[in-house]
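I opened this notebook to record what I looked up in one structure.

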Amino acid sequence: MSSQKITADAAGTWKLGDLPVHRLGFGAMRLTGSAAFHHGTPSDRDRSITVLRRAIDLGVDHIDTAAFYFSSLRSANELINSALSPYPDDLVVVTKVGPHRTYSGEWGTAARPDELRGHVEENLRQLGRDHLDVVNLRRMPSYDSVAEHFGALAELREAGLIRHLGVSNVTAGHLAEARAIAPVVCVQNRYAVDRPDPDGDALLRLCGELGIAFVPFYAVAGDSVEHGATTAHDEEVRAVARAHGASPAQIRIAWTLHQGPHVLAIPGTGNPGHLAENVAAGAIRLTDEERRRLGALRLKAR
């Protein structure tokens, strides 16, 4: 399929609280290098800035980032600030807190509840903002309950540093814990067409019933995770891609968006050409038969 003149509005819209966004957003993780974090080689700064500005030109109004998205030379938040500040009025920047990386790039101890203010303020400083549109609490393995951590973020929301709250890497039980403390506008969990996850399926449906956005990560990367988009596509994905004149990655994005009107996609890239392809995937309309075949692939993977 041609990606010319296809913009993010083709994917439809959803609201994160009171903030309307196109369902096709942009993940900033891959802006910093050929692979995320300390993997790969640092990105070309000018190209990363070009990607961000091109994303806005293509109608992207939802960017997912974090202060711990950095390589040895590049910071995703700094790139976003440099490329897009002063920010468009309709741009929603979503960040996440909980994980921590040292300046050398090593993963440190997950934040305690009393340390989350520092994480929020670091995102504010790097992004050049006086408040954060949405902050996701990324649940870490070191704590089973999210109540204390989410409660700390709820206090920062009351103080005006955060507009809306979300949760990441959670179960339905964690979501219930958080919602008992403050409104939750999004759930960000790992989810992909070829990754069996019956609990994730149930949580996706629950979010739809509650009017909460479900935002999968690694939907395109698959098992390659932070190393980038997978090349290990099942033949069913490839067959559907051929039928649409699309790439397998585009079909993975389209399948993600077809999981419900509340499902958002945040594919990331540091390549301007790939960006246009990712955005164009929002215009792909899968047939019922194609959805059945891809759904069968997911069931078969179990």
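My entries on these topics follow.

I worked on a predicted model, in which local features need pLDDT of at least 70 and side-chain atom pairs count only at pLDDT 80 or more, while totals for chains, interfaces and linings use all residues. Residues are numbered from 1 along each chain as its sequence is written, and side-chain values use heavy atoms, without hydrogens and water.

Cores. I looked up nonpolar cores, that is, sets of buried Ala, Val, Leu, Ile, Met, Phe, Trp, Tyr and Cys residues joined through side-chain atoms within 4.5 Å; buried means under 20% relative accessible area with a 1.4 Å probe, protein chains only. The largest has 85 residues, and Phe-26, Leu-52, Ile-80, Val-120, Leu-153, Val-187 and Ile-251 touch the most other members.

Leu-52. Not counting residues up to four places away in sequence, I noted contacts (heavy atoms within 4.5 Å) from Leu-52 to residues including Phe-26, Ile-63 and Ile-80.

Ser-168. I placed Ser-168 in strand β7, residues 162-168 (strands are DSSP runs of E, at least two residues). Ser-168 counts as buried because its relative accessibility is 0%. Its side chain makes a polar contact of 3.3 Å with the side chain of Arg-138; such a contact is a pair of N or O atoms within 3.5 Å, one able to donate a hydrogen and the other to accept it within protein, and residues adjacent in sequence count only if both atoms are side-chain atoms.

Definitions and conventions
Buried < 20%, exposed > 50% of the residue type's maximum accessible area, 1.4 Å probe, protein only. Helix = DSSP H or I, 4+ residues; strand = E, 2+ residues; numbered from the N terminus.
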